[in-house]
Amino acid sequence: MSQNQLQSGNSNIPVSEVYLSLVVKADKKFSKIRELPYYQRTRYDTYFYKVFKVYTQLWKFQQENREKLVEAGLKRWEIGEIASRIGQLYFGQYMRTSEANYLSESYIFYEAILTREYFKDGLHQDVNLASKQLRFIARFLTVCLVLNRREMVYQLVNQLKMWLDECKRTFQETDFKEWKLVIQEIVKFLKADTAFMNLRPLRYSVILDHHPDCLPNVLDAKRKLRLRDALLCSYHPHEVKYSELTLDTFRMLQSLEWEPSGSFYQANTAPSSGTGSSASQNGASGTSRVNQDITDPTLPPNPRKAILFRPSVTHFLAVLGTVSEELPSDGILLIYLSASGNNMHAMSSPTRAGSSIGYTESIVRGFQFHSINPDPPSTYPITAGCDSADCLYIGPHGPGGGMNCIYPSDLLPFTRRPLFLIIDSENSKAFKAVSGAEKGEPAAILLSPASSLPLPAVESSRQPSGSMFTSFLTAPLQSFILLLGFTGSDIEKDLYSTAEKLLQSSLNKLGSLLAAADNLDPVWAQILTDSFLRRLLLRFIFCRAVLSLYSPSLDKIEFVPECMPCLPEAMSPTSSTCQTVVLKLANLFGVTNRFAFSEGTVVADD
């Protein structure tokens, strides 16, 4: 129904009543869609468009009848609530589809709320309205983090601190302890995810990386698979996170998307095409906008991603089963599991050691990451039902022993479809058992070291910057620099730029050699034509070479990652090819003495 039809059909009904009926209708549809899962391919797209259509009508109706509605008692915070719901709808659809346009639209609406200060008046009037303002900021923070709008992130953190102080002064009888924990969590997250770690986009940039059309031809590829879906799950006691987004999954999420860059990423204030154009045009006109149409038509769509935060094992397997069942015929599914295999570690923080679990999640969860009724934190005795030598804990240890354990055998039923498996855990080697036991499709497997080298002056390898292995897969040069004990302030911009070009050139050469290898396993050959998987594999080869040649981890297999099936000998850390890559980079930073290179390894002229 068009807006004119809506108005003419209700010509005898007061504007305020038409508005209220639209609000009730929109609320009902919103309540339903927020409970729908994110991981089922296109199943709920039609319902999303129906919900969005209602909110588009509501938004336009309040705009065209603003004066009458204000006279009838419409408050600015009510307008902000509508805009916030639309922002949440867009973000939810981004989580379902991984389409960058939806993320951009969500940012636009949230930014409009901020600049127009829709919730400001309620900040001093009612504690519930004050909470709406704080929740809006918390949600906007997540959108800005994922969109990598760091300047806005820092602005929002400061705004959140300021508004929280005002709330404490105004509503002295209210305990805002949970919001203090939210602030602590985001500050800790930003301290770990530094500007240095983001000097280069974590997303795949066709300016910095090979365009998909320019990837070398793979000689022995009998078929070409494309990364269509990814399931990302991380659980570690005391891990750095914001809301339900852990630092490791945050980095992996970005590394599996295209970076909005190049000629198609331009400042553009024209309304976007499609379902959201009318609402966006009316909802955010006059604001400082990111470009709405940020999808390069020459690139494939982003792989869909299901991000699971502390799921039960049954829920994890249910999601995995659904995604696997819906995988297109030319698709491959990436499973990323970052979790502890030590049951004492899994027991150590059922209450998350002061983290805002139970607070931040409930505050921000309105259209965020998918966590279906995770088991409530409790302190259970350790029971003999789960052998910690061959499983990963994706939640606190509970009664029944293996209720929160993922075993290699749990994944075998899903090897009927192509899998690319990344295991980041001290128990990663247990998942070697998957290789050779598949039910139809041999899996490509990357396994982290059993032990991580502690970064200089840092007590734990997971503090403050997450997993070293995941860091190498998503930000290899920064990880190399941090491993050597340097910090971002130690490295001049020109030196970093030179090192980045050198590493990228070296990895591209490795990729060409790998594609031309006559003894390349078909498991690897079939994924080398996918930009994301190719980049992950090449970074794994670099990571393995660095850790194998690094003096503190030399000849210590527990510090070296592995892959299944084996790669050609030319890609091994002892090969002259890989040693030269590391030597060139080490020579650039003046640290060749920290590595053990074979005699005769020299920096060859390009």
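## Helices and their neighbours

Helix H8 covers residues 150-170, and its 21 residues reach 30 Å from first C-alpha to last, close to the 30 Å expected at 1.5 Å a residue. (The expected span is 1.5 Å times one less than the number of residues.) This is a predicted model, where local features need pLDDT of at least 70 and side-chain atom pairs count only at pLDDT 80 or more, while totals for chains, interfaces and linings use all residues. Residues are numbered from 1 along each chain as its sequence is written, and side-chain values use heavy atoms, leaving out hydrogens and water.

**The whole protein**
- The protein has 21 helices and 10 strands; these are DSSP runs numbered from the N terminus, with helices (H or I) of at least four residues and strands (E) of at least two.
- Of its 606 residues, 58% count as buried, meaning under 20% relative accessible area with a 1.4 Å probe, protein chains only.

**Helix H8**
- Look for the buried residues of H8, among them Met152, Leu156, Leu160 and Trp163.
- An α-helix has 3.6 residues a turn, so residues three or four places apart point the same way.
- The buried residues of H8 pack against H6 (100-116), H7 (127-147), H9 (177-192) and H10 (247-255); contact here means heavy atoms within 4.5 Å.

**Helix H17**
- In H17, eight of the eight residues are buried, including Phe480 and Leu482.
- Those buried residues pack against H16 (468-474), H18, H20 (531-549) and H21.
- After H17 comes glycine 485, with a positive phi near 95°.

**H17 meets H18**
- The axes of H17 (residues 476-483) and H18 (residues 493-516) come within 10 Å and cross at roughly 120°; axes are lines fitted to C-alpha atoms, for helices over the stretch in contact, and angles run from 0 to 180 degrees between N-to-C directions.
- That makes H17 oblique to H18, since angles under 35 degrees count as roughly parallel, over 145 as roughly antiparallel, 65 to 115 as roughly perpendicular and the rest as oblique.
- Pro476, Leu477, Gln478 and Ile481 of H17 meet Tyr496, Ala499, Glu500 and Leu503 of H18.

**H18 meets H21**
- H18 packs with H21 (residues 576-588) at an angle of about 175°, their axes 10 Å apart.
- The two helices, H18 and H21, are therefore roughly antiparallel to each other.
- Among the residues making this contact are Leu502 and Leu510 of H18 and Val581 and Leu585 of H21.

Methods:
Buried means under 20% relative accessible area, exposed over 50%, partly exposed in between (1.4 Å probe, protein chains only).
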